[in-house]
Amino acid sequence: MNIVITGANPTQRKYITSIVEFCVKKMMPRMTNIEIQVKLKSIKGDVYGYCMADPEGEAKRGDRPRVFELEISKKLTLRKLLETIAHEMVHVKQYARGELYEGDCNKHRWQGKWLSKEPDYWEQPWEIEAHGREPGLFIRWTETNKLAHKKWTQV
């Protein structure tokens, strides 16, 4: 696994690396041939982050992507930043395991079935899973790393 982080300070870099490694170990323990690029940057609107599978378009058609780019808002608190990365790592898992595929014209295939129309964001099954797993991944990461007592990890 290769993790590349840009736009982060040393503290953010340490925690980002740790939570990415944790999420891969929990959700994709046998995947060692993936690259995850995490870019902290200004993002317009109220969006916290994005996950792009195969951002350079190098995967052959039909292949599952192995390179992922996460764009995360640099305005977030450390807790929200790491929760957002956990959320986006669920999308990495979905793409890498072939559970989610984004085709032409923003069409999606979920669990092997093409969706006839684009559901509302909160009704998209991949977002339901990502929002559902996000807090648990973050909390388990804080416990595993003995950080749960830190003030910044609390709500």
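Biologist: Where is the place of Ser-18?

Modeller: In this predicted model, Ser-18 belongs to helix H1, which covers residues 10–27.

Biologist: What makes the pair of side chains of Ser-18 and Trp-141 a polar contact?

Modeller: The two side chains are 2.8 Å apart at that contact. The cut-off for a pair of N or O atoms is 3.5 Å, so the pair qualifies as a polar contact.

Biologist: Which residues does Ser-18 touch, not counting those up to four places away in sequence?

Modeller: They are Trp-141 and Asn-145.

Biologist: Why are E5 and E6 said to pair?

Modeller: Pairing requires at least two bridges, and E5 and strand E6 (residues 108–110) have three, so they count as paired, here in the antiparallel sense. Trp-110 of E6 is the bridge partner of Leu-100.

Biologist: What is the order of strands in the open sheet?

Modeller: The order is E5-E6-E7, with antiparallel pairing. E5 and strand E7 (113–114) are the edge strands, because each pairs on one side only.

Biologist: How much space lies in the largest pocket, and which residues are closest to its centre?

Modeller: The space is about 540 Å³. Of the 24 lining residues, Gly-49, Tyr-50, Glu-88, Tyr-121 and Glu-127 are the closest to the centre. Helix H2 (78–96) is one of the elements that give two or more residues, and H2 contributes the most, with six.

Biologist: How does the lining divide by residue class?

Modeller: Nine of its residues are nonpolar, eight polar and seven charged.

Conventions. Residues numbered from 1 in each chain as written. Predicted model: local features only at pLDDT ≥ 70, side-chain atom pairs only at ≥ 80, totals over all residues. Heavy atoms only, no water. 1 Å grid on protein atoms, 1.4 Å probe; cavity = no way out; pocket = protein on both sides within 12 Å on 5 of 7 lines; lining within 4 Å. Points joined across faces, edges and corners; volume = space filled by probe spheres on them. Helix = DSSP H or I, 4+ residues; strand = E, 2+ residues; numbered from the N terminus. Nonpolar A, V, L, I, M, F, W, Y, C, P; charged D, E, K, R; others polar. Polar contact = N/O pair within 3.5 Å; in protein donor to acceptor, adjacent residues only side chain to side chain. Contact = heavy atoms within 4.5 Å.
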